[in-house]
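Trainee: I would like a close look at a single part of this model, the lining of its pocket. Please also follow what is connected with that part, step by step.

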Amino acid sequence: MITLNACMHLRETVVMEDRPVSEDILKRLREAVVKYDVELAVELSKEVIATGFDPLKAIEQGLGEGLRVVGDKFEAGEIFLPMLMMAAQAVKESLVILEPALPKGTSRKTLGKVVIGTVEGDIHDIGKSIVAAMLTANGFEVYDLGSDTPTSKFVDRAKEAKADIIGMSALLTTTMTKMAEVIDALKKAGLRGDVKVIVGGAPVSGAWAEKIGADAYAEDAIASVDVAKKLLGK
Ligand code: B1M
């Protein structure tokens, strides 16, 4: 009897014989984002699922890379904000399809509670949402506060949820300082001893994490799972 899994394998192999599916699909995903083609990005994301291709790779090396190209063009003044927004929309709609297929951890027990959000003044939420999805998929209980999160909301939610970790994301150099503000507010609320702080986002670094007194910096969504586990001794 051929199982569904076997069928998927068979299909992937056949497709791979026709053309190198991995490189091809990543390239096509990148191009769809670079051309702000929402419909094509969604179609290709469905293809990723149908061929059993790694969804995380599709997100990071396909969609994410495309966004980086778009960001560089924006910075160079080659494209304008509406195009940047369309490219982001292509990624967001694709994530709806790809995120549920992210690999799940084996543990059914909650590894810890994480309150996560993008800091105040910053509306970038794509990277933060991928980190939240990876943490959830790997056994953490995640409270996602969204983007443009006021400092007081991080503190209040951490208190209510008895969070083990606060995760903060920032994509703008001008909003990174809000991370330090949240850490100060946690200290003032007497919570700093109970909660670990992880920071991340394109302009953030290990040196920045150290400077503001965070417990850790995570470079990407996969690293955030390892870092969170390590901080909680799991
Ligand atoms: Co904006 N934007 N944007 N933007 N945008 C950047 C960040 C920019 C670098 C573009 C550029 O000029 N090259 C630039 C910032 C410059 C700077 O500060 N140095 C910029 C700017 C200037 C702006 C506006 C000010 C533009 C304007 O209005 N004139 C404006 C800001 C508004 C605001 O926030 N107040 C703005 C708006 C937007 C859009 C709305 C159009 C859209 C966001 C849509 C959305 O998120 N819902 C957008 C986008 C899409 C980008 C770029 C192109 C892509 C960001 C992204 O989603 N990357 C970006 C250029 C770039 O990054 N190269 C840019 C993909 C994502 C998967 O990666 O977010 O890095 P990333 O997340 C990674 C890691 O960083 C890490 O893991 C993720 C997955 O691997 N990570 C964490 C992230 N958070 C983490 C948390 C962790 C751990 C790891 O622990 C808690």
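Mentor: One sorting rule is needed at the start: Ala, Val, Leu, Ile, Met, Phe, Trp, Tyr, Cys and Pro count as nonpolar, Asp, Glu, Lys and Arg as charged, and the others, including Gly, as polar. By that rule the lining of the largest pocket divides into 28 nonpolar, eleven polar and nine charged residues. Bear in mind that this is a predicted model.

The largest pocket holds about 1,700 Å³ of space. Its lining consists of 48 residues, and those nearest the centre are Leu-67, His-124, Gly-127, Leu-171 and Ala-202. At least two lining residues come from each of helix H4 (55-75), helix H5 (81-98), strand S1 (113-118), helix H6 (126-137), strand S3 (165-169), strand S4 (196-200) and helix H10 (221-231). H4 gives the largest share, with eleven residues.

His-124 deserves a separate word. Besides being among the residues nearest the centre of the largest pocket, His-124 is the only protein donor of the ligand's cobalt atom, through NE2 at 2.2 Å. The loop that holds His-124 runs between S1 and H6, and both of these elements also supply residues to the pocket lining.

The buried residues of H7 are Thr-151, Phe-154, Val-155, Ala-158 and Ala-161. Their directions span an arc of only 150° around the axis, so they sit on the same side of H7. The general rule behind such spacing is that an α-helix has 3.6 residues a turn, so residues three or four places apart point the same way. Lys-159 and Glu-160 are exposed, on the face of H7 turned away from the buried side.

Beyond its neighbours within four places in sequence, Val-155 is in contact with Ala-185, Leu-186, Ala-189 and Leu-191. Val-155 and Arg-192 are 37 residues apart along the chain, while their C-alpha atoms are separated by 9.9 Å.

Most residues other than glycine have a negative phi. Asp-148, in the loop between S2 and H7, has a positive phi near 50°. Lys-162, in the loop between H7 and S3, is not a glycine either and has a positive phi of about 50°. These two residues fall into separate accessibility classes: Asp-148 is partly exposed at 39% relative accessibility, whereas Lys-162 is exposed at 66%.

For the setting as a whole, the chain has ten helices and five strands. Of its 234 residues, 41% are buried. Among contacts with a separation of 6 or more, 72% join residues 24 or more positions apart.

Note on methods: Residues are numbered from 1 along each chain as its sequence is written. This is a predicted model: local features need pLDDT of at least 70, side-chain atom pairs count only at pLDDT 80 or more; totals for chains, interfaces and linings use all residues. Side-chain values use heavy atoms; hydrogens and water are left out. Donors are N, O and S atoms within 2.8 Å of the metal (3.2 Å for Na, K and Ca); water is not among the atoms, so sites may look incomplete. Helices (H or I, at least four residues) and strands (E, at least two) are DSSP runs, numbered from the N terminus. Buried means under 20% relative accessible area, exposed over 50%, partly exposed in between (1.4 Å probe, protein chains only). The arc is that of the directions from the helix axis to the C-beta atoms. Contact means heavy atoms within 4.5 Å. On a 1 Å grid over the protein atoms alone, a cavity is a set of points where a 1.4 Å probe fits but cannot get out, and a pocket is an open set with protein on both sides within 12 Å along at least five of seven lines; lining residues have an atom within 4 Å of a point. Grid points are joined across faces, edges and corners, and a volume is the space filled by probe spheres set on the points.
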